[in-house]
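Thanks for coming. Please have a look at the screen.

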Amino acid sequence: QVQLVESGGGLVQAGGSLRLSCAASGRTFSRYAMGWFRQAPGKEREFVAAIGWSSSTYYADSVKGRFTISRDNAKNTVYLQMNSLKPEDTAVYYCAAQTKSGPVTVVAGGWDYWGQGTQVTVSS
């Protein structure tokens, strides 16, 4: 019902920047909470950032002040601007959608739809 496609990943040096995009299908996109998660090899998928339909935002402590999530409802797209990247940011980044109303959750299992992921590699 909802399809998400990420893009914008790549290889950057520490201190650099990337902007990830997630194009979403769904006529009710503007009412979905959207989020970004990441998963490094051998690690669990972890919450990065989320933006609600009301445009409220939430960030993991590890990225607060460096990453910015935003959405363009007219384009059915959510973005993650990543600045001051660190090697520990290296992971596959996944776009996610939460269709249920209410506060967003940081638990991956609480999200309904996922993109295929895009690789972000930060070299030291």
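Let me start with a question: does Ser25 count as buried, partly exposed or exposed, and why? Keep in mind that this is a predicted model. Ser25 has a relative accessibility of 25%. Buried would require a value under 20%, and exposed a value over 50%. Ser25 therefore counts as partly exposed.

Now to where Ser25 sits. Its place is in the loop between E3 and strand E4, the latter covering residues 33–39. If we leave aside the neighbours within four places in sequence, Ser25 is in contact with Gln1, Val2 and Gln3. With one of these, Gln3, there is a polar detail: the backbone nitrogen of Gln3 is reached by the side chain of Ser25 at 2.8 Å. For a distance across the model, take Tyr93, which is 68 residues from Ser25 along the chain. The C-alpha atoms of Ser25 and Tyr93 are separated by 19 Å.

Next, the sheet. Strand E3 belongs to an open sheet of four strands, in the order E1-E3-E8-E7, and the pairing is antiparallel. At the edges are strand E1, residues 4–7, and strand E7, residues 67–72, each of which pairs on one side only. From one strand to the next, the twist averages 15 degrees.

Inside that order, E3 spans residues 18–24 and E8 spans residues 77–82. The two run antiparallel and are joined by six bridges. As for a specific position, Cys22 stands opposite Val78 in E8.

That is what I have for today.

Notes:
Residues are numbered from 1 along each chain as its sequence is written. This is a predicted model: local features need pLDDT of at least 70, side-chain atom pairs count only at pLDDT 80 or more; totals for chains, interfaces and linings use all residues. Side-chain values use heavy atoms; hydrogens and water are left out. Two strands pair if DSSP finds at least two bridges between them. Axes are lines fitted to C-alpha atoms, for helices over the stretch in contact, and angles run from 0 to 180 degrees between N-to-C directions. Buried means under 20% relative accessible area, exposed over 50%, partly exposed in between (1.4 Å probe, protein chains only). Contact means heavy atoms within 4.5 Å. A polar contact is a pair of N or O atoms within 3.5 Å; within protein, one must be able to donate a hydrogen and the other to accept it, and residues adjacent in sequence count only if both atoms are side-chain atoms.
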